[in-house]
Amino acid sequence: MATFLWACYDGGGNMPYGLGVARALARRGHRVVFAGRPEMTAKVGPTEFDAVELREAYTDADRYQDDPRGRALAYLTSPAVAEELLTVAAAERPDAVVIDSNFGGALAVAPRFGVPTAVILHSFLRRTLPSWHEMMRHQSRTRQALGFDPLPGLDELFGGRDLFMINTIDDFDGGGGNPWPNMRYGGPILEDDTHCRPYELPWDADDPTPLALVSFTTDEIQNSVVKLQRTLEALETLPIHVLATTGTVDPDRITVPPNARAVAFATHGPVMSRASFVVNHAGYGTVMRALTHGIGVLCITGQAEDQRVVAFDQPRTADFVQEHRVGVSVPATAGPADIRAAAQALLEDPGYRSNARRLGDLIVRSEGADAAARHLSALPLAASPLGPATGPAASSPVRPPLSADRT
């Protein structure tokens, strides 16, 4: 049995995907310990895995307050967080460390763990590579402006690790060669957020009225009440039922029309099995899950008026949807009439669902979680474990209360 320490970022859909891979590793007899900010522990708590809260997560947060990502960027880049992660590793003595691709601070100290390290990405890479370069340059510039050391470039952060695991299908990721030899492709991870619970639809199972699922981001810094409200207004006059899962937006903040219901979280699989299409922000996970149910996707893409930020992979996911004709995309500033017309097209053209079924079959056959676990398990786990001579991590004091941070 090997122990994997997972240095995670729980923004958006990253945590469900990570848990999916962790479960596949557990089926192989391995142990997984997640380490992350306080928000992460609440998501891992209901599962079978250990979670260690990084107490330094927001130590430098007040210094990042001028950036739209604020506290999240502080967590991802502050050297104090990376140093604490090294301390956790010295205590846990993992056989390998898995690092979320967003986590620049952790990626920068990866050689100091003294064990094999893997980068894990839960979306496209080749389609988004220019944006990854820019994001890590932004993380590096921000660190320098605050007096911290800059980050290395992507050739080191991504290409210099033992494994770069990309949880999408290679053929989905557009053309062009792979920039680094450590890259391995698997498939999308289809896992629900731990907040999700089964939701009993109020409409009879044999009701022939089409159903639309509306589901935008679960990341608080990307929330948009405007996008939700405008979408419900657009769908109100169509002859359909609508279920909106609002995530971290309180359903009481929106006006729900008579043909719709709103709930914060709901398990998507059973809803998608009845749905005719999904309205989404071009979130990678929800798009891929919709395809496995053979339904089209309406992507409302980009930054709405009340959004602080949006993830840079979303426009590229919308490109994928349109290239493969499994759905349509309209800008986040589109009015109700444009959203309504796009939804009508999905209802009337069976080609979208036919194409979705074809790609969905490929996703199911890719067995993404098992593929990732297979590649992670193949890391050179026989390498020397952390010990007294492993460098800075070993000299960091291991605080006895760490075990009390587990959930």
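Me: In this predicted model, at what angle do helix 10 and helix 13 pack, and how far apart are their axes?

Reply: As a general idea, two packed helices are described by the angle between their axes together with the distance between those axes. Here helix 10 and helix 13, the latter spanning residues 351-366, pack at an angle of about 105°, and their axes lie 7 Å apart. Because angles from 65 to 115 degrees count as roughly perpendicular, helix 10 is roughly perpendicular to helix 13.

Me: Which residues make that contact?

Reply: From helix 10 come M288, L291 and T292, while helix 13 brings A356, R357, L359, G360, I363 and V364. Sorted by class, the residues in this contact of helix 10 with helix 13 are six nonpolar, two polar and one charged.

Me: How should I read the packing of helix 10 and helix 11?

Reply: The pair of values to look for is again an angle and a distance between axes. Helix 10 covers residues 284-292 and helix 11 covers residues 313-323, and they pack at about 20° with their axes 10 Å apart. Since an angle under 35 degrees counts as roughly parallel, helix 10 is roughly parallel to helix 11. On the helix 10 side, Y284, V287, M288 and L291 meet D313, T317, F320 and V321 of helix 11, and the residues of this contact divide into six nonpolar, one polar and one charged.

Me: How many cavities of 30 Å³ or more are there, and what lines the largest cavity?

Reply: Rolling a probe the size of a water molecule over the atoms shows where empty space is left. In this model the count is two cavities of 30 Å³ or more. The largest cavity, with a volume of about 50 Å³, is lined by F216, T217, N223, S224, L228, T245, T246 and V249, and its lining has three nonpolar, five polar and no charged residues.

Me: What is the volume of the second largest cavity, and which residues line it?

Reply: The second largest cavity has a volume of about 40 Å³, and its lining consists of F216, T217, Q222, S224, K227, H281 and Q307. That lining divides into one nonpolar, five polar and one charged residue.

Me: Where does pLDDT stay under 50?

Reply: The chain averages a pLDDT of 90, with 91% of the residues scoring at least 70, but over residues 384-407 pLDDT stays under 50. For residues 384-407 the model has 48 contacts beyond four places in sequence.

Notes
Residues numbered from 1 in each chain as written. Predicted model: local features only at pLDDT ≥ 70, side-chain atom pairs only at ≥ 80, totals over all residues. Heavy atoms only, no water. pLDDT = per-residue confidence, 0-100. Contact = heavy atoms within 4.5 Å. Axes fitted to C-alpha atoms, helices over the stretch in contact; angles between N-to-C directions. Helix = DSSP H or I, 4+ residues; strand = E, 2+ residues; numbered from the N terminus. Parallel < 35°, antiparallel > 145°, perpendicular 65-115°, else oblique. Nonpolar A, V, L, I, M, F, W, Y, C, P; charged D, E, K, R; others polar. 1 Å grid on protein atoms, 1.4 Å probe; cavity = no way out; pocket = protein on both sides within 12 Å on 5 of 7 lines; lining within 4 Å. Points joined across faces, edges and corners; volume = space filled by probe spheres on them.
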